[in-house]
2 protein chains.
Amino acid sequence: MATDMPIRIGVMGCAEIARKVSRAIHLAPNATIAAIASRSMEKAKLFATSNGYPQSAKVHGSYESILEDSEVDALYIPLPTSLHAKWAIRAAEKGKHILLEKPVAMNVAEFDKIVAACEINGVQIMDGTMWAHHPRTDKLKEFLFDSDRFGQLKNVHSCFTVAANKDFLENSIRAKPDLDGLGALGDAGWYTIRATLLVNNFELPKTVTAFPGTFRNKLGVNLSCGASMTWEEDKRTATIYCSYLANLTMEITAIGTKGTLRVHDFVIPFQETEASFTTCTNAWINKPAATAWVNPPAEHTVKTELPQEACMVSEFARLVGEIKNKGAKPDLFWPSISRKTQLVVDAVKESIDNNYQQISLSGR
Amino acid sequence: MATDMPIRIGVMGCAEIARKVSRAIHLAPNATIAAIASRSMEKAKLFATSNGYPQSAKVHGSYESILEDSEVDALYIPLPTSLHAKWAIRAAEKGKHILLEKPVAMNVAEFDKIVAACEINGVQIMDGTMWAHHPRTDKLKEFLFDSDRFGQLKNVHSCFTVAANKDFLENSIRAKPDLDGLGALGDAGWYTIRATLLVNNFELPKTVTAFPGTFRNKLGVNLSCGASMTWEEDKRTATIYCSYLANLTMEITAIGTKGTLRVHDFVIPFQETEASFTTCTNAWINKPAATAWVNPPAEHTVKTELPQEACMVSEFARLVGEIKNKGAKPDLFWPSISRKTQLVVDAVKESIDNNYQQISLSGR
């Protein structure tokens, strides 16, 4: 049956993260690695060899060349952010479905052009937020949207920090204004914003206000920042913090009227095959002593056969398969949450650039 | 030996929290309950009986009366915040040492008057922040100030929320402007600010900025708010969140250049006899797979024979004993950190009252 053919994915660029995603394509049961492209044929060959690519995988010495490859259904694009719009639009025009690394663009206007190109050409687009596809994430949502166990959200705090070394801070594309010009905000901050949106059932905040204390490198790239957000009607608030300058930490703490959710490894779980989270409902202090908790937090563990990045590839390939084999329309959920995440990234940047002014997202 | 005589503590007011502290005075080896006072003799008697007070404890039908009791060395004052200045100053003038509930005053100017009265009269003052005295807190400090395990602080987030019931929100003194007029900020927020200061080795922030989303009751009392803080030179930042409207949650997440500290029950430990915390140093992601952590967090548990509130009473009684029996001077550390905490409480309030403006603490 045609529907059983794995989706043929080409990898566009030899970024470090492409190693992980190449392995994920190997692991995903409904996808196969069809090609690799680099601006240098030699680099592409070396990448294919050192990442166990099958003999059948084609090696392209230019990005243009992989776009013309008729045996490629979809492209994984881990290029520097400043190149996303150019190559994602070209890929869409060639009818290639797109798995696009985050941040999806330098700003939401750029992303809207990518989405428009995908729409015109009927191709799927999804961003590379791996943890969204971990089976744990569904369990988090079950708890968060359970009015008995969690109630109504009041506050969520999310942080993602990583202690980059000197070489990274000076030489990585993540620290260069003309490549990944959004720095830590577009990278680590992307995840905290996505987590915040997920906890808010993807309702955009009404306001975004960066807080003082942003740190930039000499080239002006953001290495560390934080922001608060509000959803006015319900008096919900959120804070995020992201940094390249502090020990690896990745937290979500979501507090509702009845419950609390904590995740300590939301971006990359401590272990590949399982992931935990902590829930707490109707916690109180014992009476009259007031010296211990009633209903303290409890830990839950979710096992996974496929690592989260392979779950992501598998879901992407499934959607592509629906379009290719069954004439389905592209799924619009994934680009819609990419856009919302980018909108908030843009608003944090705008607030920082305007002396930490409050930014309204009304109408955006 | 005179130094072996327990310190005689009088309790000034029959607040709910006075039950817990009465038990703590019973438990503390160097303190004894000498007296109870209420504005009503009947209420005072009932409180003494129902809290297992010794026969020797005197019962006073007015606050004035307990101040005249020559067999009382020190007073525990859990009165509403708006009454602290009046009664703490009178107590100091009568030579009584003071264990004062938090928030210590309605504002720092009031607290300065209390401290001045204590200084003139040579009496000890300490606030009622119990968790500061848990042996776990010393272990937290050991980690935080270890340059190998934690490095330099970059960000700390602390929250304390409690889901108050309707009756509390309408009738508690904590929700009335003329009693505990600082609301959730002076109560739950006090602890988050104290935690933030502790993590910063009690260095005051340079700026405090409340973030949008403060919620007040009909009388204008703060039921929920948050703020960010900066320590500019080192680009350290902090965020706090406090609320009476969300499930019981009490967190510290402190992130340094090399390490991360997490505490999930910092105000009242899950259990009375032990308390845990999590540390993590030089965490990284495995290479090249990038699918799991190297050096993931590890949990540590600290056992305690005395509950934290008894540790607090014991430390207070020890300091009073040093003064009473050995002619020592009052210890100035405790009032100095009370003052800093109150200063930040005041700054958060000032920021909220001024449309979330940034408040500078320079020179305060």
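Modeller: Let's start with what an axis is here: a line fitted to C-alpha atoms, for helices over the stretch in contact, with angles running from 0 to 180 degrees between N-to-C directions. Keep in mind that this is a predicted model.

Biologist: Okay. How do I read a helix pair, and at what angle do the axes of α9 and α11 of chain B cross?

Modeller: Two packed helices are described by the angle between their axes and the distance between the axes. In chain B, take helix α9 (residues 188-199) and helix α11 (residues 333-353): their axes cross at roughly 120° and come within 9 Å. Angles of 65 to 115 count as roughly perpendicular and those over 145 as roughly antiparallel, so α9(B) is oblique to α11(B). The crossing is right-handed.

Biologist: Which residues of α9(B) meet α11(B)?

Modeller: On the α9(B) side you'll find B:Trp190, B:Ile193, B:Arg194 and B:Leu197. Their partners in α11(B) include B:Ile337, B:Val344, B:Val345 and B:Val348. Sorted by class, this contact has seven nonpolar, three polar and two charged residues.

Biologist: Now chain A. How is α5 placed against α11 there, antiparallel or parallel?

Modeller: Helix α5 (residues 108-121) and helix α11 (residues 333-353) of chain A have axes that come within 9 Å and cross at roughly 165°. That makes α5(A) roughly antiparallel to α11(A). This crossing is right-handed. A:Val108, A:Phe111, A:Asp112 and A:Val115 are the α5(A) residues that meet α11(A), where the partners include A:Pro335 and A:Leu343. By class, the contact of α5(A) with α11(A) has five nonpolar, two polar and three charged residues.

Biologist: What about the two chains together: how many residues does the contact take from each?

Modeller: It takes 58 from chain A and 59 from chain B. The size of an interface is often given as the accessible area lost when the parts come together. Between chain A and chain B, about 4,800 Å² is buried, and carbon and sulfur atoms give 65% of it. On chain A's side, look for A:Asn247, A:Phe270 and A:Trp293, which supply 14% of the area that chain A buries against chain B, more than any other three residues.

Biologist: And how many salt bridges does the rule find across that interface?

Modeller: Side chains of opposite charge can pair when their charged atoms come close. Across the interface the rule finds two salt bridges. B:Arg262 pairs with A:Glu251 in a salt bridge, with the closest N and O atoms 2.8 Å apart. Over all chains, the structure holds 50 salt bridges.

Methods. Residues are numbered from 1 along each chain as its sequence is written. Chains are lettered from A and ligands numbered from 1 in the order in which they are written. This is a predicted model: local features need pLDDT of at least 70, side-chain atom pairs count only at pLDDT 80 or more; totals for chains, interfaces and linings use all residues. Side-chain values use heavy atoms; hydrogens and water are left out. Helices (H or I, at least four residues) and strands (E, at least two) are DSSP runs, numbered from the N terminus. Angles under 35 degrees count as roughly parallel, over 145 as roughly antiparallel, 65 to 115 as roughly perpendicular and the rest as oblique. A crossing is left-handed if the near helix is turned anticlockwise from the far one by less than a right angle, and right-handed if clockwise. Contact means heavy atoms within 4.5 Å. Ala, Val, Leu, Ile, Met, Phe, Trp, Tyr, Cys and Pro count as nonpolar, Asp, Glu, Lys and Arg as charged, and the others, Gly among them, as polar. Buried area is the accessible area (1.4 Å probe) that two parts lose on being put together, summed over both. A salt bridge is a side-chain nitrogen of Lys or Arg within 4 Å of a carboxyl oxygen of Asp or Glu.
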